[in-house]
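Here is a short briefing to read alongside the structure. It covers pockets, salt bridges and model confidence.

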Amino acid sequence: MKKYTILKPLFIFFTICGLASSCTKDFLERPPLSNLTAGTFFNTDAELLASTGALYNQVWAGANGQSLLAFGDGRGGNFFTPYVADWLQFCSFAVSNTNGALKDSWSSFYNIIAQSNVLISNVNTYSKPAVSQAAKKTAIGEARYMRGLAYSFLVQNWGPVPIITDNIKQGGDTTLSRNTVESVWEFAIRDMQYAVANLPVSTTGGRLSKYSAEGMLARFYLTRAGLGSTNGQRNQMYLDSAKYYARDVIQNSPYKLMENYADLFFTKNNNNSEQLFGLQWVPLRDPWGVGNTFQSQFAANSTITGGADGWGGGHGASADYILNLDPLDSLRRKATFMFPGDHYPELNKKGGGWTQGIPDAGTYSNLAHFKKYIVGSPDDNDGKGQMQATGNNTYMQRLADVYLIYAEAILGNNTSTADPEALKYFNAVRNRAGLPSVTSFNIDKLLHERRYEFAVEGDAWYDIIRLYYYNPTKAKAMINAQQKGDYKLEIKPGTYAFNRIREFTITIVNPRTYTVSDATMFLPYPDTEMAMAPNLRKPPVPYKF
């Protein structure tokens with residue numbers, strides 16, 4: 001069995017050290033209590049702060065990149081690939097328990113939990129007298145935020161999962177049972193409540209704050225509101241809680257929407273005013289897992305990346321994303337997927353920028369390639385970055401998400417709403433995208449807005465799960481109607497003129513849809529985990545709080 005390893009400091013600015021681990025094959029392994037996170041390291045507040053740094057990148061490596069897309073946008077209907085078998089399984093709702101992305105993400109989420117558990121234990125056990133109570137609460141708050149977020153991903157992808165709080169006592173226990181979905185959500189919510197109460201109000205360098213935790217807690221409450229519904233109605237208490245925390249972030253936090261949507265995804269704008277939490281990648285390949293690997297997998301070619309990577313020529317937007325796109329939504333679309341003729345001066349600067357090719361008349365099919373999180377070569381990023389290691393953040397939550405959470409919480413169980421507060425923030429997101437204000441919206445319009453605001457950020461699936469909790473019939477019908485066939489995307493004649501919104505035509509050349517069931521809405525447990533922890537086959541039990 002592989003053992004957890006401990007990172008040494010990587011760089012001064014964010015002081016990534018301690019806590020991160022190599023890729024592990026099962027969550028039952030025991031991370032060590034020694035090394036930097038134990039008795040010789042927690043001498044000062046600064047050392048304690050440094051110890052939590054690696055929770056912001058390497059432990060998330062297995063769930064970033066291809067897994068982020070396959071889980072979130074593959075199953076959510078924004079991304080499609082006909083060529084990579086592991087990813088295609090997610091797009092087609094036929095995931096095998098031997099799937100590599102499945103195993104990597106499961107391990108990554110439990111790795112985050114394990115490292116958070118170890119940090120919490122070590123802070124309480126090994127902190128020296130010079131370490132302040134405030135520093136200890138902050139470190140534990142960061143760990144509990146990460147642990148709660150990891151459990152939220154686990155429960156939305158797998159359903160019932162084991163809750164582990166002590167990897168020393170529980171780490172070798174192969175008889176652990178799954179805990180109920182309700183228990184896992186309650187556990188995640190309690191973790192995030194602790195983070196709200198103990199993280200500082202303001203931070204720098206991409207660190208979590210009280211308002212980061214409030215934004216995520218609002219998301220948790222909004223999703224939890226539908227769980228257990230028997231009549232299609234969400235729990236008003238949870239809706240009110242989501243509204244309360246979202247409103248506090250909106251009214252009292254320092255976060256602000258970025259003015260230009262496309263600017264959100266430039267490396268130079270890491271840790272911007274809109275980011276509540278983003279993974280803090282370092283443009284280095286050593287140690288493995290601290291750099292962002294997304295671009296290597298999804299950039300269309302090596303001209304864009306400036307290296308030998310750029311393996312995304314066979315992947316792109318799903319036909320369904322394009323078919324449902326509002327032609328006026330061109331600002332967000334262009335920042336998300338490359339359509340024929342799109343020009344990006346920020347990529348391949350030495351070559352005069354990158355222009356997406358225009359298919360000729362004889363082209364059978366093409367793809368709208370990825371733009372979001374594609375940041376270009378080191379030359380395009382002040383000399384920083386390497387193959388499979390860019391330094392751009394991965395968003396885990398933006399203020400735009402909190403705006404739409406607030407709007408949805410106000411909508412609640414109503415058929416539609418014209419509430420001024422809900423419209424104010426719903427329209428703020430639309431207006432930033434260059435779209436006109438609306439005078440009312442319903443859940444369909446809200447889900448549409450979320451889809452095109454957060455496409456390629458891994459959110460699409462979790463929006464569907466939120467709907468599934470209280471209206472499974474509607475959620476499944478939405479998925480079953482998604483068109484995932486091959487297509488040809490062309491510029492509409494007469495719309496290529498300067499200063500005119502370019503329009504496109506899409507021709508489905510090979511129609512393809514997939515059917516989802518209640519069983520395939522959730523993922524299988526990895527075969528390696530089933531072999532080591534056979535109790536995963538038993539019915540889930542409530543967690544004893």
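A pocket here is an open set of grid points, where a 1.4 Å probe fits, with protein on both sides within 12 Å along at least five of seven lines, and its lining residues have an atom within 4 Å of a point. Please keep in mind that this is a predicted model.

**Pockets**
- The largest pocket has a volume of about 840 Å³, and 42 residues line it.
- Nearest the centre of the largest pocket lie S330, L331, R333, K334 and D342.
- Helix α12 (330-336) makes the biggest contribution to this lining, with five residues.
- At least two lining residues each come from α11, α12, β5 (343-344) and β12 (504-510).
- Sorted by class, the lining of the largest pocket holds 22 nonpolar, eight polar and 12 charged residues.
- The lining of the second largest pocket has 13 nonpolar, 16 polar and eight charged residues.

**Salt bridges**
- Side chains of opposite charge can pair when their charged atoms come close.
- The model has 31 salt bridges.
- R451 and D320 form one of them, at 3.0 Å from N to O. This pair connects helix α15 (residues 443-454) with helix α11 (residues 319-323), across 131 residues, and both R451 and D320 are buried.
- R398 pairs with E457, with the closest N and O atoms 2.8 Å apart. R398 belongs to strand β8 (residues 394-398), while E457 sits in the loop between α15 and α16 (460-470), 59 residues apart.
- R398 counts as buried because its relative accessibility is 1%, and E457 is buried too, at 5%.
- D401 and R450 bring their closest N and O atoms to 2.7 Å. Because D401 lies in helix α13 (residues 399-411) and R450 in helix α15, the pair ties together parts that are 49 residues apart in sequence.
- D401 is buried at a relative accessible area of 1%, and R450 counts as buried at 2%.
- A network of salt bridges links E274, D329, R332, K372, R398, R430, R432, E449, E453 and E457.

**Confidence**
- The chain has an average pLDDT of 90, and 92% of the residues score at least 70.
- Residues 1-37 have a pLDDT below 50, and this stretch makes 128 contacts in the model beyond near neighbours in sequence.
- Where pLDDT is low, the predicted coordinates should not be read in detail.

Technical notes
Residues are numbered from 1 along each chain as its sequence is written. This is a predicted model: local features need pLDDT of at least 70, side-chain atom pairs count only at pLDDT 80 or more; totals for chains, interfaces and linings use all residues. Side-chain values use heavy atoms; hydrogens and water are left out. A salt bridge is a side-chain nitrogen of Lys or Arg within 4 Å of a carboxyl oxygen of Asp or Glu. Helices (H or I, at least four residues) and strands (E, at least two) are DSSP runs, numbered from the N terminus. Buried means under 20% relative accessible area, exposed over 50%, partly exposed in between (1.4 Å probe, protein chains only). pLDDT is the predictor's confidence in each residue, from 0 to 100. Contact means heavy atoms within 4.5 Å. On a 1 Å grid over the protein atoms alone, a cavity is a set of points where a 1.4 Å probe fits but cannot get out, and a pocket is an open set with protein on both sides within 12 Å along at least five of seven lines; lining residues have an atom within 4 Å of a point. Grid points are joined across faces, edges and corners, and a volume is the space filled by probe spheres set on the points. Ala, Val, Leu, Ile, Met, Phe, Trp, Tyr, Cys and Pro count as nonpolar, Asp, Glu, Lys and Arg as charged, and the others, Gly among them, as polar.
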